[in-house]
Amino acid sequence: MSMPSWAPKPWVLFAFAGALVLLALVPLVNSDAYWHNLFTLTFLSITAALAWNWLGGLLGQVSFGHAAMVGVGGFVAARLQVSSHVPMLVAWGVGGVIAGLYALVWGHPTLRLRGPYFSIATIGVGEATRLICTYWSWLTGGSSGMSIPVHPALKFQLYWYGLGLAALALIASFALRRSPLGLSLLAIKSDVDAAGDVGVSSTRLQDLVLFLSGMTMGICGGFYGSFFSFIEPGDLFGFERSISYVLMGVIGGIGTIAGPALGAIVFIVLQQSLIAHYSQLYLGLYGLFLLLVILFEPLGLVGLALRVMKKPIEEQP
Amino acid sequence: MIRAEGLVKRYGGLRAVDGVTFKLEPGQILGLIGPNGAGKSTCFAMLAGSTPPTEGRVFLGDEELTGLPAFRAARAGVVRTHQIVRPFAHLTLLENCTVAAVQCAKLGHKGADTFAREMLRFAGLDARRNDLPAALTLAGRKRLEMARALSCAPKVLLLDEVIAGVNPAEAQEMGTLILRARDERKVSIVMTEHVMPAVMRLCEHVVVLDAGKLIASGKPKEVVQEPAVIAAYLGKARANAG
C-alpha cells in the first residue's frame, strides 16, 4: 500500500490545479463585466451548494432553509462594515461565525428529526428568520435593504476571493468525504441508531457539520453583500434562494463530492441565459430537471457521468 | 466482565423484563435464551445502552454503565450486533468497519483502516472490502455485523441472533467464527439464539428467560432438562407428561 486509499488520484490533483490557474488568469485576459460577474456569481453558488451538501448529502438532512444563514451572515457582515467600519474580511468571518451559531440554535433541536420531518422544520425556520429580520430594520434596513460601499477596484478583485472560496469549499468537501468525520456522517445517514452502537456520537457530529455548513453559508452572505453593494432581506433570506441550493445539490448529485459544484454551474448558466427572455420559464425548467434526476438518475450529473464512463456507482469522484 | 443486577424494563403496565440478574465471566460465552417475547432483546438493549432500564444496574468490571447512551457503552467496551442486520448502506464494507474503529476504538484514520481490514479478514470478508453491503448475502451481512462490532475492539460482544436465518453450513461457520472471536480477539460474549444446537455447541452457561423473568441458569445440557424450561418452551401439559 504505497498511497493511502483516501488520498486523491494524481490526475484529479493536476486537473484541479490546472483549472484553478486557468480561472485565475481569466480576468487578466478578458475584463468584460458580464463574464466577470457571471463567473464570480458561479463561484459563490458553488461554495454555497457544496456547504449545503455537507448537511444534505453527507448527513442526509435536506435543508430548505439554508438562505437563513446566508441572510444572517450577509446582514451581520454588512452592518459591521457600514456602522462600525470593520474591515471586509473580518466582517465576513464574524458574519460566518454568527450564522454558524444561529444554525446551531435552531438546528441542535431540529436535527433530532430525520428525513422529511427535518426538511419541513427547515422551511419554517427559513420563513420565520426572513420575517423577523425584515422587521428588524436596525440590522437589515427593513424591506428597503441596505447599501454597502465597496471600492470598484476591490469589487474587481472579488473574482479571486470567490475563486479562492470555491476552491477551499471543494477541498473541504473532498477532505470531509474521505475523512473519518465524513464516514461517520454517512454512517449516521445510513442508520443513526446502528451508528450509535459502534460509538458514533451523532448529536455532536451533526452539530459540528451544521455549524460548518452554516458558517460557510454566512461567509457567502457577506461576500454577496460586498459584491452587489446592496442587499435586502426578501432576496437574501428568500425561499427561492433556499430552494436553489437544494436544486444545485440534487441536479449535480446529492452526497457526491463535486456534484453540487457542477449543479451550481448548470443552475447559474441556465438562470443567466433564460431569465432575461423567459423569466417565468426557467423555474419550470428547473422543475423538469428535478423530475428527470429523481426519476432516472438519483446521483444527478455525477451519476450520469459515471454511467457514461461505465464505472461502478460506489466510486464516486 | 458484565454484570446485570435486578434489571427491570416496564412499558406502561407491561414488565418486559422483570428483575433479571446475571453475570458474564471473562472469556465466557453466555447464552441468553427463552421463547419469543421472553425479554431477551430488551435485556440486550439495556446492556448496550440502546434503552435505559426502569430499575436495576449494569456494570462492566467496576465501571457502572447504567443509563449511558449507546455510543458511550460502546466506547466503554460493550458492543452489540443486531438481529435484523443494520449495515451502513452508503459505505463500503471497509468503511463500515473503519467508522467503528475510529469512533469506538479511537484509532487514527490510518490505524483504523488497518485494524478494520484485519477484522474484515478475520470475518472472511477481506476480498469484498470495497463492495457495498447490498452486494452481500444475508450470511455475509451477518459476518459484516460481527466484523464491524469487532472493529470497536470490544471487551464484551452482545450477539443478537447472529445464527438464526442462515443455512446449516453457514451456521456452522458462524459458530466457528464466534469461538474464534472469543479465543483470538479475547472478547467475552453474550448471545441470544433460537437455534438450540448452536447454543449447545457454543455456550458454557445459559440463562433462560420467560415472560421477563429469569427461570433457570446453568450449564446448557442441565438447563434444558429442567421442568420450568421445558414448560416455557413447550407448555405445561407436555412438561407434566415428560
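1. Helices here are DSSP runs of H or I with at least four residues, and strands are runs of E with at least two, numbered from the N terminus. On that basis chain A has 15 helices and two strands. The radius of gyration of chain A is 19 Å, close to the 20 Å that the globule rule gives for 317 residues, so chain A is as compact as a globular protein of that length. Along the principal axes, the C-alpha atoms of chain A fill a box of roughly 55 × 50 × 40 Å. The model is predicted, and the remarks below should be read with that in mind.

2. The contact between the two chains draws 30 residues from chain B and 20 residues from chain A. On the chain B side, α2 (70-76), β6 (78-80), α3 and α4 each supply at least two residues. The largest share of that side, six residues, comes from α3(B). By class, the residues of chain B that touch chain A divide into 16 nonpolar, seven polar and seven charged.

3. The axes of α3 (residues 93-103) and α4 (residues 109-122) of chain B come within 8 Å and cross at roughly 120°. The pair therefore counts as oblique, because the roughly perpendicular range runs from 65 to 115 degrees and the roughly antiparallel one begins over 145. The crossing of α3(B) with α4(B) is right-handed.

4. Which residues of α3(B) meet α4(B)? They are B:Leu93, B:Leu94, B:Cys97, B:Thr98, B:Ala101 and B:Val102. Their counterparts in α4(B) are B:His109, B:Ala112, B:Asp113, B:Phe115, B:Ala116, B:Arg117, B:Met119 and B:Leu120. This contact of α3(B) with α4(B) has 10 nonpolar, two polar and two charged residues.

5. Elsewhere in chain B, strand β9 (residues 205-210) pairs with strand β3 (residues 29-33) in the parallel sense, over four bridges. Within this pairing, B:Gly31 has B:Val206 in β9(B) as its bridge partner.

6. Strand β9(B) is also joined to strand β10 (residues 213-218) of chain B, by five bridges, and these two strands run antiparallel. Here B:Val208 stands opposite B:Ala216 in β10(B). β9(B) and β10(B) form a hairpin with two residues between them. One point to check in the turn is B:Ala211, which has a positive phi of about 50°.

Terms used. Residues are numbered from 1 along each chain as its sequence is written. Chains are lettered from A and ligands numbered from 1 in the order in which they are written. This is a predicted model: local features need pLDDT of at least 70, side-chain atom pairs count only at pLDDT 80 or more; totals for chains, interfaces and linings use all residues. Axes are lines fitted to C-alpha atoms, for helices over the stretch in contact, and angles run from 0 to 180 degrees between N-to-C directions. Angles under 35 degrees count as roughly parallel, over 145 as roughly antiparallel, 65 to 115 as roughly perpendicular and the rest as oblique. A crossing is left-handed if the near helix is turned anticlockwise from the far one by less than a right angle, and right-handed if clockwise. Two residues are in contact if their C-beta atoms, placed from the backbone, lie within 7 Å. Ala, Val, Leu, Ile, Met, Phe, Trp, Tyr, Cys and Pro count as nonpolar, Asp, Glu, Lys and Arg as charged, and the others, Gly among them, as polar. Two strands pair if DSSP finds at least two bridges between them. The radius of gyration is taken over C-alpha atoms; the globule rule is 2.2 Å times the number of residues to the power 0.38.
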